There are 2 protein chains.
Amino acid sequence: MTNRIRATYEIESPVGVQQAAEVLAGEQSTGTFVRLAAETDELRDRSAARIEHCVVTGESPTPSLPCRITADRYERGQVTISWPIATMGPSLPNILATVAGNLFELAELSAIRLLDLHLPREVIEANPGPRFGIAGTRDLMGVPEGPMIGTIIKPSVGLSAAETASLVRDLAEAGIDFIKDDELQSNGPACPLEDRANEVMAVLNAHADRTGKKVMYAFNITGEIDEMSRRLDLLEELGATCAMVSLQSLGLVGLRALRERSPLPVHGHRNGWGLLSRSPHIGISFPAMQKLWRLAGADHLHVNGIGNKFTESDEIVAEAARAVQTRVSDEGPAFTALPVFSSGQTAWQVAPSAEALGNEDFLFCAGGGIMSHPDGPAAGIRSLRQAAEAYRLGRTVESHATERPELLSALTAFKRK
Amino acid sequence: MTNRIRATYEIESPVGVQQAAEVLAGEQSTGTFVRLAAETDELRDRSAARIEHCVVTGESPTPSLPCRITADRYERGQVTISWPIATMGPSLPNILATVAGNLFELAELSAIRLLDLHLPREVIEANPGPRFGIAGTRDLMGVPEGPMIGTIIKPSVGLSAAETASLVRDLAEAGIDFIKDDELQSNGPACPLEDRANEVMAVLNAHADRTGKKVMYAFNITGEIDEMSRRLDLLEELGATCAMVSLQSLGLVGLRALRERSPLPVHGHRNGWGLLSRSPHIGISFPAMQKLWRLAGADHLHVNGIGNKFTESDEIVAEAARAVQTRVSDEGPAFTALPVFSSGQTAWQVAPSAEALGNEDFLFCAGGGIMSHPDGPAAGIRSLRQAAEAYRLGRTVESHATERPELLSALTAFKRK
């Protein structure tokens, strides 16, 4: 078993779950639409995908997705398919093409979601995984315990390098641990990365000299391979401690190339994730996808936020955050990464985030929850640390707030989610 | 107008199309969930996304996708949003993060599809585009006119390098123009790319020496950047003329890096495309996405096939094929690429493919349609060329078949689609 890759899918089919599983296994290994002369039984045994598990869970009178094959009923179920590692090797881009390739278009499926992925030791050991992870990030940030408190520079775009640095100065003085570029802020002519990095790091280095605390700033270096490489040189020279990228724009291949080259933690932004996951009928679950991103080298992974402004439920967010902290496989190195909560976060959501994980090893990013605190950003940051303290003490955030004005103001100013 | 990027979306919303468009434009530019002090009117004017067009087309009593905001009715419509190029520059990975980023998760949208993308000259000129395109591919293949006839090595996986080369010999002798690896065949230990390339190119080089015709073989070099680079060196040394990759595994960044490095045409396989496009409620249209792939450097792009074994309608396939041949923008170089038809193709589908395009500048890949022809692969290939001839002469394929036994056998053996 250990030399096979296993993928579990939730499917719906006009031809029944068992038959659909056979088509899926065939399409994603030796198959074509007619059996060819060269396709011997021996060859099938050596290379074919195999159905490991197949269970019917229900049915629907209509197809969930447009489907060339029609039927009176569309059976639903879960199937696990496995492939011998000998067919694709431990290569992540080729594993992706196998477990998430043409199968999404099969006429024998009227719904399909990739739920989980089991990768054997050979795959884990052939890929780099995160260089820093949770512990390495805490070291660089100088935050040995408790949730790391971060924010995003807003407005997302339009600020000059100097305006950005001025905001950064205020935030550093207010006691922030982490600041990030927005994913829309990269290297536009209105705020070139080089200028921004120079201005921001001048502020943060001076702040570190004064206080001993080096605030981590995740510069969005998303770009072509050679551009990212030059930007990493610059960031390293300036003493920066984090590089952010848009995961979907880089692809697994771009991400791995960045990981090999980067002396800094890789902050993985999952913008566009809704495209792969919002439909209940077609997609990839975050627990499956994040394994590939971690193996390719992401140190930090966005998981949305509890009570977020988007559409994911708290259960999905909690599951995503836990997945990032779970070992990537039962074999080989654990390769855990740092979950990043963000999207409409305030003091109300700190304890629920910690509860979802059962620990405080996460980065909590709040925009308005810090900047729009009635008593200013410093009070906003303190309110988040006080909320974490309440979690540690096993107190409700409301009762903890009675003696803590910053937390009380936050709970009053911001809506409970 | 020319210095702005425009994206057109089909949306559905619990808050109405106009308001949803405003949220979308806000989220994807300066916005956050509360207006921040630093966000001045002047800054908004300079950087904000703008609604260019907004039209209501209907409504639904229920939301098409799970949606945090509920309503009695969900208005449907089309909106066009534009961004100043100054905010993200001409960088494709950053353009993708802007036009296809967090917006897919907005609670104000209960359906969203990116339909089209208009890119200004600055973007076109900052990206390489295809190095070979249609004309360059015809030159390398030695096929000055008519559809290029290709096939896929099947079984997809399991054949050794020697077994693959032996199939290639038969196909070359049968008169094929193009052969490709399956997307599941890359560099697995059972058939390492190096061995396969050596064996296959020995056959094809010998065949070229004998006949003057160099059959194009698209080796699947999908892998990490440095692996692909080494494989390109090998392919060039062996006199190979095409490199294939899984587009979604590479990402735009990986694809562009390959383009910069590759002396061979880049054959873009879109496996996993269903994930981005099969749902009518969330996704990206192929006409929009292929612009980015062409700009990053794909020479050949898979478009599925007329009467395919998957789920796309013939209209969608025809639109996709035409898109690949249409100039990438009304400004700058045309950057057209070669559409590749495949999936369950036989002599029945040649003329409909040519009709969909109005020309014969396409690569027609048939597996069973060649290998399972009752009179063997050579007859299979001849049947496809005869079908193209029928199109050129303005005859039906059936009437043309009366004097052409290979075509007649094909039409009899294979099901009309």
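In the predicted model described here, helix H6 of chain A (residues 133–141) has as its buried residues Gly133(A), Ile134(A), Gly136(A), Thr137(A), Arg138(A) and Met141(A). Buried denotes under 20% relative accessible area, exposed over 50%, and partly exposed in between, with a 1.4 Å probe and protein chains only. Helices (H or I, at least four residues) and strands (E, at least two) are DSSP runs, numbered from the N terminus. The cover over the buried residues of H6(A) includes strands S5 (148–152), S6 (178–180), S7 (216–220), S11 (300–302) and S12 (338–341), together with helix H13 (314–325), of chain A; contact means heavy atoms within 4.5 Å. Gly142(A) follows H6(A) and has a positive phi, near 70°.

Residues are numbered from 1 along each chain as its sequence is written, while chains are lettered from A and ligands numbered from 1 in the order in which they are written. As this is a predicted model, local features need pLDDT of at least 70 and side-chain atom pairs count only at pLDDT 80 or more, whereas totals for chains, interfaces and linings use all residues; side-chain values use heavy atoms, with hydrogens and water left out.

Chain A has a mean pLDDT of 94, and 96% of its residues reach 70 or more; pLDDT is the predictor's confidence in each residue, from 0 to 100. For the complex, the predictor gives an ipTM of 0.95 and a pTM of 0.96.

The same surface serves both copies, as 100% of the contact residues of chain A recur in chain B.

Across the whole structure, nine cavities of 30 Å³ or more were found. On a 1 Å grid over the protein atoms alone, a cavity is a set of points where a 1.4 Å probe fits but cannot get out, and lining residues have an atom within 4 Å of a point. Grid points are joined across faces, edges and corners, and a volume is the space filled by probe spheres set on the points. The largest cavity holds about 450 Å³ of space. Its lining comprises 30 residues, of which Gln248(A), Leu276(A), Gln248(B), Gly251(B) and Leu276(B) lie nearest the centre. Helices H4 (92–99), H10 (247–261), H11 (273–277) and H12 (286–296) of both chain A and chain B each supply at least two lining residues.

Ser110(A) lies in the loop between H4 and strand S4 (111–118) of chain A, and counts as buried because its relative accessibility is 0%. Its side chain makes a polar contact with that of Glu12(A) at 2.6 Å; such a contact is a pair of N or O atoms within 3.5 Å, where within protein one must be able to donate a hydrogen and the other to accept it, and residues adjacent in sequence count only if both atoms are side-chain atoms. Residues touched by Ser110(A) include Tyr74(A) and Arg278(B).

Methods
On a 1 Å grid over the protein atoms alone, a cavity is a set of points where a 1.4 Å probe fits but cannot get out, and a pocket is an open set with protein on both sides within 12 Å along at least five of seven lines; lining residues have an atom within 4 Å of a point. Lists of a residue's contacts leave out its neighbours within four places in sequence.
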